[in-house]
Amino acid sequence: MIIKDKILFRFLLFFFVAFLIIQETGAKETIYISPRGSDNNNGTKDSPFQTLEKARDHARKINSKDGISIYLREGQYLITETFVLNEDNSGLENTPIVFSAYPDEQVSISGGLSISLKSIEELSDVEQKNFNNSASKYIKKINLKKLGISDFGTLKYVGFQRPYTTAPLELFINKKAFELARYPNKEKILMGEIIEPGSFPSQKDFSNKGGKFTYNDVRPSNWKNSPDIWICGYFNKGWAEDAVQISELDTIHKTITTAQATHYGFGNGAPWKQWYAFNILEEIDAIGEYYLDREKGILYFYPDPKKTIETLQISILEEPMVALEGVSNITFSNITFECSRGMGIYIEKGSNNKIDNCTIRNLGGIGICFGKGVESNYSMWHELEETKLISRNMGSLHAYVYANTAANRKAGKNHTVSNCHIYNVGAGGIILDGGDRKSLQPGKNQVINCKIHDFNRIEKSYRPGIWIQGVGNKIANCEIYNAPMMAIWLHGNEHVIEYSEFHDVVSDMHDQGAIYYGRNPSERGNVIQYNYFHDLGNEHLSVSVYHDDGACDMTVHGNVFYKAGSMPVLIGGGNDHTYTNNIFIDCPIGIHVDNRKQGWAKGSGKKGGAWQFEKRLNAVDFQNPPYSTRYPGIAEYWKNEELKYPKNNRIENNIFFGVEKLIDGQKEWMTWDENQILETVPPFWDDSKNQFKLKNGKIVFDELEGFESIYYVGGEPLSYRKPPRDRTKTVSKDFIEVVKYACGKV
């Protein structure tokens with residue numbers, strides 16, 4: 001009897017443990033992939049598949065209510081075409097299909113080729129004569145044609161109002177992007193005398209006539225073996241960088257003639273009007289530069305002589321690496337996407353997809369895109385009326401959105417990009433869209449706790465860290481930095497940008513903002529709260545929050561602005577902005593407000609004006625619900641004469657310390673109430689260390705009635721901080737990590 005009881009006990013214990021294991025694991029179906037596997041295998045841990053496609057197709061056959069885990073074993077997965085997931089590959093709402101690296105293993109999905117280090121050769125004596133004497137002994141070469149590689153791609157015109165493109169073949173050594181050899185290596189050269197300004201697409205001259213200008217430099221006389229030289233720079237306007245080909249380099253008369261026009265033509269006389277030249281064999285004179293002789297197929301490069309070359313890759317794939325089209329409940333986790341000429345991840349329609357804890361780097365295009373793009377148009381006109389939305393290609397999206405401000409790009413809903421690191425990409429970090437502007441239905445797509453930096457390697461003009469569009473999307477707990485232009489470009493309604501850090505952006509351009517939007521008075525209800533703007537801008541006009549050309553109705557609350565550009569705030573003639581409970585420290589100007597709709601832009605705010613306010617308001621049927629009820633007063637936009645003035649801008653309960661000029665504009669253009677201007681060092685600031693003092697984990701300022709304490713939470717690095725809880729109230733008692741990254745970096 002005792003023996004039978006023991007057997008029964010063990011039997012019950014076994015099933016109890018099994019039950020606990022099932023509860024713990026969720027009883028998920030599991031599929032395995034390995035670079036060393038085979039698609040003829042059965043997909044188990046001991047017999048893994050080799051490709052993503054095989055695992056995807058196998059998962060489609062499984063009917064699991066508990067979800068499916070697809071584990072990628074360690075290694076690099078080379079792809080030659082887009083990996084597509086459509087509606088037939090969806091998971092269930094609470095039990096998604098998860099593509100993930102196996103625990104504690106490193107997984108890379110690559111759109112390029114890894115080159116054997118045995119292919120690296122030394123320069124011949126004849127070849128060394130092409131280079132700087134001090135550099136030539138370090139320069140190496142690879143004969144790509146010998147390796148059977150002939151798809152080099154092409155250099156393309158990029159810049160303001162030009163389409164998104166794919167990059168040519170690029171070189172990555174030890175996972176670091178190399179740069180086409182250029183001169184000067186870091187600086188730029190001022191524009192000389194303008195002999196021919198070229199055609200002006202901005203004035204509807206589409207003849208594409210290049211410009212001609214002089215230079216005063218001896219270096220171009222050495223460029224004798226480089227048949228395809230390009231120049232890049234701000235050739236006229238400080239927000240419009242272009243890269244164009246040189247059609248004639250006259251080293252006798254010292255003139256440069258370009259093969260293409262730029263949107264604003266060529267000009268000089270301003271400090272930002274500068275250029276540099278690139279794709280020059282003779283200018284490989286710095287570590288990290290390369291040049292591809294396309295005729296011979298020889299790749300020359302200058303590696304760091306103090307570091308061992310461990311990996312050498314070249315990019316090949318021009319299509320998006322991954323496309324989620326109509327699929328729902330899919331997660332990608334702990335995977336690196338790298339080494340490709342185009343886009344990383346494309347998302348269209350569907351719901352509840354997640355990109356979590358992934359690294360996206362070394363791409364020629366954008367990191368992640370929500371929603372469709374359009375066909376490419378090369379006229380460079382800033383309005384693209386007649387075109388159609390297409391999948392997997394951004395094309396002339398800038399011009400399309402300018403002309404079709406209420407378009408629904410079919411981005412899907414409730415998608416999340418979280419805990420990701422996006423860097424060294426060519427044309428911006430993320431295009432975040434979702435929701436419908438006509439109905440004001442929110443998309444609820446979000447970018448949470450991500451680090452995005454160095455995202456303008458190739459395309460710089462209007463290629464931000466995040467381009468947020470649509471309705472009701474969110475950016476939170478992100479750090480965006482190291483960019484020549486804006487961190488966030490905003491279109492749409494009722495977005496929230498919060499608990500994030502912006503620094504070292506707008507480092508190159510003139511007349512730009514870290515967060516920028518404008519020219520559409522129907523874009524309302526956006527909130528910028530609890531962010532930290534610091535150490536941004538340059539010697540030109542730079543702004544933290546830029547409400548350009550009649551932009552309206554944004555709430556900016558609880559932010560810290562420290563050394564935040566030449567003016568942290570610029571309200572360009574718009575209405576209904578609210579600035580409350582912000583701290584401004586060490587800035588030349590606090591808040592700029594102007595009445596441009598009465599001045600130089602007088603005609604633009606009228607019906608039929610240049611900024612198309614009438615068209616943009618009518619596009620959302622602004623005189624009827626939901627706009628007329630959601631935004632009181634908007635229905636009277638054309639009836640209220642005072643809307644030509646910058647009215648109803650509330651500047652209340654803010655703190656200013658070390659601000660040379662509080663207001664650049666007239667006080668009657670705003671409501672200025674209960675702000676505190678500090679003449680002495682405030683109690684929350686340690687002047688000797690240039691850092692914030694804390695009291696019980698918060699910045700406290702009791703002297704200003706109604707000023708809320710700004711809280712410091714955590715102490716972890718920004719990129720690992722957990723997203724804050726969902727907030728439904730305007731005032732929150734959680735604040736970004738303002739101290740760790742403040743000034744002295746406590």
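T82 sits in the loop that links β3 (75-78) to β4 (83-86); strands (E, at least two residues) and helices (H or I, at least four) are DSSP runs numbered from the N terminus. The model is predicted, so local features need pLDDT of at least 70 and side-chain atom pairs count only at pLDDT 80 or more, while totals for chains, interfaces and linings use all residues. Residues are numbered from 1 along each chain as its sequence is written, and side-chain values use heavy atoms, leaving out hydrogens and water.

**Around T82**
- T82 counts as buried because its relative accessibility is 8%, and buried means under 20% relative accessible area with a 1.4 Å probe, protein chains only.
- The side chains of T82 and E319 form a polar contact of 3.1 Å (a pair of N or O atoms within 3.5 Å, one able to donate a hydrogen and the other to accept it; residues adjacent in sequence count only if both atoms are side-chain atoms).
- A polar atom of the T82 side chain lies 2.6 Å from the backbone oxygen of P320.

**Nonpolar cores**
- The largest nonpolar core has 84 residues, and I488 is among those with the most contacts inside it; such a core is a set of buried Ala, Val, Leu, Ile, Met, Phe, Trp, Tyr and Cys residues joined through side-chain atoms within 4.5 Å.
- Its largest share, 4 residues, comes from strand β55 (residues 583-594).
- Another core, of 35 residues, lies apart from it and includes W239 and L397.

**Whole chain**
- The chain has 7 helices and 63 strands.
- Buried residues make up 59% of its 746 residues.

Note on methods: Buried < 20%, exposed > 50% of the residue type's maximum accessible area, 1.4 Å probe, protein only.
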